[in-house]
Amino acid sequence: MSVDPMAYETQFFGFTPQTCMLRVYIAFQDYLFEMMLVVEGVMLKKLDGIPGCKVSPSQIRKCTEKFLLFMKEHFDRLFAKMEEVLLQLVLNIPKNVLLPEDRVHEQYPYSKEEFQALQDELQQLQQQCRAEVAAEQALRAELEEQKVVKAELEKILQCFDGLESICREHGAGNFKESFALLTQNSKKLQDVLKDIEKKSQKMKQHDQLM
């Protein structure tokens, strides 16, 4: 069998020419084996009709096998010549023939270096696209986080607005001033609590000494 890959022929036919020839060879070989079995059966019937024939079926089988080997050797030589002719003249696309789907290569020829440059540029563009998609996803996630923070801030502002309204209803004046005053009073209360805790500790220590 030919070892030439014949890639262009495979593209055109949809199968490798070598595969086609192998199937033809197997079909002829199977037919030869079947023919030998038929011949052997006919010989057995003919010999059974001859009185006093001393030829046994095993001897006929040996003769059939020898004849089959002889036929197969001749068939292999003939098939090798037939395969060579078919692969060169029937299943072969001449070098000057261009398939319709490859016309674009004739119109826009590229060298290996130019093709490699295009491949590199395409790879860079793909990487840029992936980076842009990742950046877009990150921006979308950040926007979602900002929406959540904005909602929380709006809740806090609504809470402050409610407190300011309550302060106005009770005559507390400006909410910011009231809040500042409340903060100062809270600090004063914390200082008083700390002072009381210190005096309480001193009294406990005095009682323990007594």
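Aspartate 76 sits at 28% relative accessibility, so it counts as partly exposed. Its side chain meets that of lysine 72 in a salt bridge, 3.2 Å from N to O. Keep in mind that this is a predicted model.

**Salt bridges**

- Side chains of opposite charge can pair when their charged atoms come close.
- The count for this structure comes to five salt bridges.
- Aspartate 76 and lysine 72 are both part of helix H3, four residues apart, which is about one turn of the helix.
- Lysine 72 has a relative accessible area of 23%, so this residue is partly exposed too.
- Over in helix H5 (residues 112-169), arginine 140 and glutamate 136 are also four residues apart, about one turn of the helix.
- Those two form a salt bridge, with their closest N and O atoms 3.0 Å apart.
- Arginine 140 counts as exposed at 54% relative accessibility, while glutamate 136 is partly exposed at 40%.
- Another salt bridge joins glutamate 40 and arginine 61, where the closest N and O atoms are 2.8 Å apart.
- Glutamate 40 belongs to helix H2 (residues 17-48) and arginine 61 to helix H3, so this pair ties together parts that are 21 residues apart in sequence.
- Glutamate 40 is buried, at 9% relative accessibility, whereas arginine 61 is partly exposed, with a relative accessible area of 37%.

**Aromatic rings**

- You'll find seven aromatic pairs in the structure.
- Phenylalanine 12 and phenylalanine 13 make an edge-to-face pair, 5.0 Å centre to centre, with 75 degrees between the planes.
- Phenylalanine 13 is partly exposed, at 29% relative accessibility.
- Phenylalanine 67 and phenylalanine 70 are stacked, because their ring planes are at 25 degrees and their centres 6.4 Å apart.
- Both are in helix H3, three residues apart, so about one helical turn separates them.
- Phenylalanine 67 has a relative accessible area of 40%, which makes it partly exposed, and phenylalanine 70 is partly exposed at 42%.
- Tyr25, Phe28, Phe75 and Phe79 come together as one aromatic cluster.

**Leucine 99**

- Look for leucine 99 in the loop between helix H3 (57-90) and helix H4 (103-107).
- Its relative accessible area is 4%, so leucine 99 is buried.
- Leaving out residues up to four places away in sequence, leucine 99 touches Tyr8, Gln11, Phe12 and Ile93.
- Leucine 99 and glutamate 9 are 90 residues apart in sequence, yet 9.9 Å apart in space, C-alpha to C-alpha.

Conventions. Residues numbered from 1 in each chain as written. Predicted model: local features only at pLDDT ≥ 70, side-chain atom pairs only at ≥ 80, totals over all residues. Heavy atoms only, no water. Helix = DSSP H or I, 4+ residues; strand = E, 2+ residues; numbered from the N terminus. Buried < 20%, exposed > 50% of the residue type's maximum accessible area, 1.4 Å probe, protein only. Contact = heavy atoms within 4.5 Å. Phe/Tyr/Trp six-rings, centres within 6.5 Å; stacked < 30°, edge-to-face > 60°. Salt bridge = Lys/Arg side-chain N within 4 Å of Asp/Glu carboxyl O.
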